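Subject: Structure handover

Hello,

The structure you asked about is below. My notes on what turned up follow it.

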There are 2 protein chains.
Amino acid sequence: MDKLTDRKKRLLEAVVDSYITSAEPISSAAIQQEYMPDVSTATIRSELAGLEEMGYLVKPHISAGRVPSSKAYRFYVDSLMQSVTLDDVDELASEGRKRIEGVESIVKEAVKVVSDVTNYTSLMVLEGKDDIIVRQVKLISMGDNTALVIIITDGGVLRDSVINLPENTQEGYLEAAASLINGSMAGKSIRSITGGEIISGVEEFKALFDQIITMLRQYVRGGEVYVEGTDKIFSYPEYRDVENVKGFLSVISQKDKLQELTAGDGVEITVKIGAEEGVKNMAVVSARYLVSGKQIGHVGVIGPERMDYKKVIKVLTTIGKMSEEKKEDKNG
Amino acid sequence: MDKLTDRKKRLLEAVVDSYITSAEPISSAAIQQEYMPDVSTATIRSELAGLEEMGYLVKPHISAGRVPSSKAYRFYVDSLMQSVTLDDVDELASEGRKRIEGVESIVKEAVKVVSDVTNYTSLMVLEGKDDIIVRQVKLISMGDNTALVIIITDGGVLRDSVINLPENTQEGYLEAAASLINGSMAGKSIRSITGGEIISGVEEFKALFDQIITMLRQYVRGGEVYVEGTDKIFSYPEYRDVENVKGFLSVISQKDKLQELTAGDGVEITVKIGAEEGVKNMAVVSARYLVSGKQIGHVGVIGPERMDYKKVIKVLTTIGKMSEEKKEDKNG
DNA sequence: ATTAGCAGTCGATAGCGGTGAGTGCTAACA
DNA sequence: TGTTAGCACTCACCGCTATCGACTGCTAAT
């Protein structure tokens, strides 16, 4: 009896579907009325009992209707993913022209859009970008023995930062340093740069190089996180329970946790559901996010387990698509 | 009878003090025991009745102890501010010796420290900096008809940003533009620059200037906000009520609201308490925050009305001090 | 395999009385 | 006039009970 018959599947979908919109346990009678008028409630009940035994459904108490378990959502999402044509989203990545711009503003906007459209709390997790290629390093004197370092990569401009220079530098010191640095870094990935010591010998620039490499390391470690629409969570009745809100806030304030949750290895869409997957009473849906064809992180949505997966997945893939298309906009 | 006698003041302070630590209504008997052993509970009761009538105290219900009203906290804070010696703060100072760095990282660190030390949710609101003086503008070619704009001010480096150039620019275009821009902007405040049109005539650079001015405008509008320790709020029993959490989250996700709450005009410490001051069931304490001697925004703490004002005010002033000292470090 | 019917379970809600922490009031006192 | 003791009163809180009703599980008939 532990086989998912066709009818069981339909039933399961009905329960999830209903629960997603109503947040209330659903009874056999309600299922009959709304989804399967041609079988009796008794039949439905016995089927439901089967699904319950298999772990897909849960009863809050014995005389209540059924509620989907995490496993049920998992099933729901998995079958959803099959039917969605993910190759709507052409991967074409294309080298083409690189639009160089502060990633930050694009990202912020995207997060906001996602949150507004889905009505869930949304987030963007920028990942350590250690395979980004350094194109050029610029050093700009700021006086006071300090200089601004700007690292231009094929993914945009890295966070600029100010570094200290040795005292009493010669005229032309910065230029010399820059050209030396460019010679040894340009065209290489951040990973390979931070990996070993590339430059040796030139004692005069040692301190400078160290600072720059430290900068890069910090950048690789990265893990910037943007969250938007935190208070949207209160639209959903499950968050009338403070415990849940607490769990929610705890998750979104742990950057590394978010990173872990959204990190689908090369997968287009990642869905984490429930305690076994690290989010008790919650679900996190995330998608790869690309700028100029380069993956820079993941964009996602966090909310109750009974999330509107259909809508969310659709929105996230759309956003993914958009981010690639921006490239084209530029010509207009 | 609507005069605050000396004893009433002491009484009021006792109530607030007690409530700050216990979060429970306090009874006349408890006050007697812990604060004024030499008067009877009856006396205390009649005094309390007076304070209640004057609006300083509130009874949750008729047979319960007293709880301070917003007005009481206001009184408490006001008298606190008179007595606090703002310069007995050293414990933290050693923590903050940092090299010169982008404002962002200093700020993030500061917020984190405040949150950790106070155990409240803390925030940093960077303000529109329209009175910052532009020192120098740099234009750096990035190929692809784009250039990076860097604006150096006496407060540090403004957010760099990429702009588009006209097609087919001449050799030397950027240099010419830069010197023209510097000629008209250097030494001026952002406000005066964005105010009217400074440069006119030179059609060739018009588009470029417009972009830079737009950049500056955005920057002035500014209003970056950092929040840290959101989940600390759950340490406090008042946030077992979801309604309060809701209010809390709603406030900290409205940037303009936070800006308004922390904006004390030239005042060192600003305290907003309760609904009348825009934060129902909450309090916000904030202090001016300076980097290298320039005020760049406000650092603050948000929590329940029965906030530990003493501690919070102390921490915030300390942080403020630290940030000023950085300037000195620089010479060393 | 499906269905109708019925007994059984249990959460939710309301009502009730007892308890106790605190108050307000009054009358006596310094 | 300010302070105090004493007492009656109020009301949140707790536990208990009863009722209601929304479901289910089970069984026996189709």
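In chain A of this predicted model, five strands form an open sheet in the order 8-3-11-10-9, with antiparallel pairing. Strand 8 (225–228) and strand 9 (269–273) of chain A are at the edges. Each has a single partner strand, so one side of each has no neighbour in the sheet. From one strand to the next, the twist averages 20°.

Within that sheet, strand 10 (residues 282–291) and strand 11 (residues 294–304) of chain A are joined by 10 bridges in the antiparallel sense. One example is A283(A), whose bridge partner in strand 11 of chain A is G303(A).

Chain B has a helix pair to look at. The axes of helix 1 (residues 6–22) and helix 4 (residues 70–83) of chain B come within 10 Å and cross at roughly 105°. Angles of 65 to 115 degrees count as roughly perpendicular, so that is how helix 1 of chain B stands to helix 4 of chain B.

On the helix 1 side of chain B, the contact is made by K9(B), L12(B), E13(B), V16(B), D17(B), Y19(B) and I20(B). Helix 4 of chain B meets them with A72(B), Y73(B), F75(B), Y76(B) and S79(B). The residues of this contact comprise eight nonpolar, one polar and three charged.

Regards

How values were computed
Residues are numbered from 1 along each chain as its sequence is written. Chains are lettered from A and ligands numbered from 1 in the order in which they are written. This is a predicted model: local features need pLDDT of at least 70, side-chain atom pairs count only at pLDDT 80 or more; totals for chains, interfaces and linings use all residues. Side-chain values use heavy atoms; hydrogens and water are left out. Axes are lines fitted to C-alpha atoms, for helices over the stretch in contact, and angles run from 0 to 180 degrees between N-to-C directions. Helices (H or I, at least four residues) and strands (E, at least two) are DSSP runs, numbered from the N terminus. Angles under 35 degrees count as roughly parallel, over 145 as roughly antiparallel, 65 to 115 as roughly perpendicular and the rest as oblique. Contact means heavy atoms within 4.5 Å. Ala, Val, Leu, Ile, Met, Phe, Trp, Tyr, Cys and Pro count as nonpolar, Asp, Glu, Lys and Arg as charged, and the others, Gly among them, as polar. Two strands pair if DSSP finds at least two bridges between them.
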